Amino acid sequence: MEWQTDSRLTRRMVLALGLALLGYAALLGPVVWVLPPAGALVVCGVLLAVLGGLVLEADRLAYLATKAVAIEREDHPELFDAVERLSRQADVPRPAVAVVPSDEPNAMSAGTGNRTVVCVTLGLLKELDDEQLEAVLAHELAHVKNGDSSVLTVAGFPATVALAMLSTALEGMNGWAIVLGYFGAAVFLALLSLPLLLVSLPGTLVLSRYREYAADRGAVAITGKPVALAEALAELHGLPEPPEEDMRSMAGFNAFCIVPSPSLGLPATHPPTHKRIRKLRELAAELEE
């Protein structure tokens, strides 16, 4: 099976990137028009530095946010060997392998260049059989091969800024804000973030959803086992809701996970699981012909 996406998928990803550019226009437009040139350059420089840090330090941020622990072969030999073998099949350098101390069954990949990491939770290792686990690992390696961590970070940066502004504003709308006199500033920040969120978020969500479809196809190209990935998705989707303290570790990286955390994130970063499974079943039928 060739490593490719269909033309409709490609067109939709191009459309999503166009929407992401609109997000940057909405983010930088007010800065350029309102501030004097020197001030606008400073703000744009700061934003560029933050974006560069998010891209270049994505692996370290993943470790910090999920409390993942890097492993060697002697720690989890079957997991380590599976990632090494699948990396050769995908023709990518083996990424670092890390285990997240969480009962929520999930996996994610992050990083760029030679600094990439594949993280799996203890819950995932417990719930999936060997073939299903390899299918999930192949999905994450497809993300690594496609550079999705960097793509989604860059494309989603305006939406990330908008969500951070909105979260800060909502947290500031409390009794202390009224007493100390900054309630109005919090309201203004919330109102400022909403247009940016409305413009930037749709493109981010569309791009994330279709990168998932592409990674599913990539996983099939690596393993040749679409049914195993379909079964893994069905297993993960059908599990009961995990405790909130486990969900928090992965939710901030929803767009990078094999399945979105049930809460504390944006489930719309992923296509509906039943549609992913249907497409995988279609791929399985194609391979059998």
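This is a predicted model: local features need pLDDT of at least 70, side-chain atom pairs count only at pLDDT 80 or more; totals for chains, interfaces and linings use all residues.
Biologist: How many aromatic pairs turn up in a search of the whole structure?
Modeller: One. Tyr-210 and Tyr-213 make a tilted pair, 5.3 Å centre to centre with 50 degrees between the planes. Rings of Phe, Tyr and Trp (its six-membered ring) pair if their centres lie within 6.5 Å; planes under 30 degrees apart are stacked, over 60 edge-to-face, and the rest tilted.

Biologist: Where do the two tyrosines sit in helix α10?
Modeller: They are three residues apart in α10 (residues 183-223), so about one helical turn separates Tyr-210 and Tyr-213. Helices here are DSSP runs (H or I, at least four residues), strands are E runs of at least two, and both are numbered from the N terminus.

Biologist: Are Tyr-210 and Tyr-213 buried or exposed?
Modeller: Tyr-210 and Tyr-213 are both buried. Buried means under 20% relative accessible area, exposed over 50%, and partly exposed in between (1.4 Å probe, protein chains only).

Biologist: What sits over the ring of Tyr-213?
Modeller: The charged end of Lys-279, 5.1 Å from the ring centre. The cut-offs are NZ of Lys or CZ of Arg within 6 Å of the ring centre and within 35 degrees of the ring normal.

Biologist: Switching to α8. What span should its 16 residues have?
Modeller: At 1.5 Å a residue, helix α8 (residues 157-172) should span 22 Å, and its end C-alpha atoms are 22 Å apart, which agrees. The expected span is 1.5 Å times one less than the number of residues.

Biologist: Which residues in α8 are buried?
Modeller: Among them are Phe-157, Val-161, Met-165 and Leu-166.

Biologist: Now loops. Where is Lys-67?
Modeller: Lys-67 is in the loop between α3 (58-66) and β1 (69-70). Its phi is positive, near 60 degrees, in a residue other than glycine. Lys-67 counts as exposed, at 59% relative accessibility.

Biologist: And what is the phi of Asp-91?
Modeller: Positive, about 60 degrees, although Asp-91 is not a glycine. Asp-91 lies in the loop between α4 (77-90) and β2 (96-100). At 64% relative accessibility, Asp-91 counts as exposed.

How values were computed. Residues are numbered from 1 along each chain as its sequence is written. Side-chain values use heavy atoms; hydrogens and water are left out.
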